[in-house]
Amino acid sequence: MASRPLKFTGTKDDMNLHFMAKAAPSLKRSPVLDPSQLSHRIGRGRTAEIFRLRDGRIVKLLSSRTPLRRAKRELRFAQLAAAAELPVWRLHDLVRCGERWGLLGEALPEDTTSLAQRLTQRPWEVNHWFQAFVTLHRRINATSGEAFPPIKGRLGRRIRSSQLPETKIKAALRRLRQLPDGDSLCHGDLHPGNLLVADGCLLAIDWASAGRGPAAFDVARSSFLLGFGSAPGLLPSLLRPVGRYYARRYAGARLEDEGITPELLAAWRLPIMAARLVRRRDSERAYFTRLLRAEINLFPTSKEIKQK
């Protein structure tokens, strides 16, 4: 029997979520995890590391700068995705490990690793995992996003916090308002670093950026991450052409999906790049600021069009 839809009624990512008891246990207590229980690291990103514990369970340790509200949001959204029967790494509890918040999850096979690490070790498997990536992302986007907050609201807040010049912020927000809404579940940050390979299958992790919106946004966002690199840092210059090749190939595969066009994917680039600039280091910020300036010039505003 299908589960009853879970509805989001608020305006902020981490408030007013109503979800089933089994999908969201109480967050009042935060067990302490002794660092001596950590066995070895199986994945690493810009803001977190994933470790296997000595008892076989897995924990994701967030950066010491990560606020509690962000950790709670990721736990909630991951549990909602699990309740929707998506292939995810199932999270059970929020823990404290030293100065860091952690997300404690189910045990996984000993050879579990991130897809990014797997491809580094076994690059000849890239085509197999590429097809699995496309299939998984389609399945996520085919799921109702009714339980999640609107993705455009989160993008708008990040664009306003980007510290870009006011003219560029206005241009990005104007584009965002022109783009369609949607009811699909969007992961918001799906790339090889946020996928685990376990028992020959892909499991999606890091649901903190998830929301309700059009599938075209999620496709554009993943294409962007594949092409320019995901955390930590940008793709090395020698690998960037490879990343761009798979970004184009991925976007082409998703163009078969209903409602996704090349023009729509291109239109999403400006707000995605502007939102990317929140809390970015100088080298990456300079790189994406140049791209953003070119993007604004490529897509003139309606006022500029009229003046011409």
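These legends go with a handful of close-up views of a predicted model. Local features need pLDDT of at least 70 and side-chain atom pairs count only at pLDDT 80 or more, while totals for chains, interfaces and linings use all residues. Numbering starts from 1 along each chain as its sequence is written, and side-chain values use heavy atoms, with hydrogens and water left out.

View 1. Strands count as paired if DSSP finds at least two bridges between them.

**View 2. The hairpin of strands 1 and 2.** Strand 1 (residues 38-44) and strand 2 (residues 48-53) run antiparallel and are joined by five bridges. Three residues carry the hairpin from strand 1 to strand 2. Look for R41, which stands opposite F51 in strand 2.

**View 3. Strands 4 and 5.** Here six bridges link strand 4 to strand 5 (residues 100-105), again an antiparallel pair. L94 stands opposite L103 in strand 5.

**View 4. Helix 3 end to end.** Helices are DSSP H or I runs of at least four residues, and their expected span is 1.5 Å times one less than the number of residues. Helix 3 (residues 126-141) has 16 residues and should span 22 Å, which agrees with the 22 Å between its end C-alpha atoms. Its buried residues (under 20% relative accessible area with a 1.4 Å probe, protein chains only) include W129, F130, F133 and H137.

View 5. Helix 8 (residues 262-276) reaches 21 Å from first C-alpha to last, close to the 21 Å expected for its 15 residues. Twelve of the 15 residues are buried, so helix 8 is largely enclosed by the rest of the structure; among them are W268, M273 and R276.

**View 6. Helix 5 across helix 8.** The axes (lines fitted to C-alpha atoms over the stretch in contact, with angles from 0 to 180 degrees between N-to-C directions) of helix 5 (residues 166-178) and helix 8 come within 9 Å and cross at roughly 135°. That makes helix 5 oblique to helix 8, oblique being what is left after under 35 degrees (roughly parallel), over 145 (roughly antiparallel) and 65 to 115 (roughly perpendicular).

Methods. Helix = DSSP H or I, 4+ residues; strand = E, 2+ residues; numbered from the N terminus. Buried < 20%, exposed > 50% of the residue type's maximum accessible area, 1.4 Å probe, protein only.
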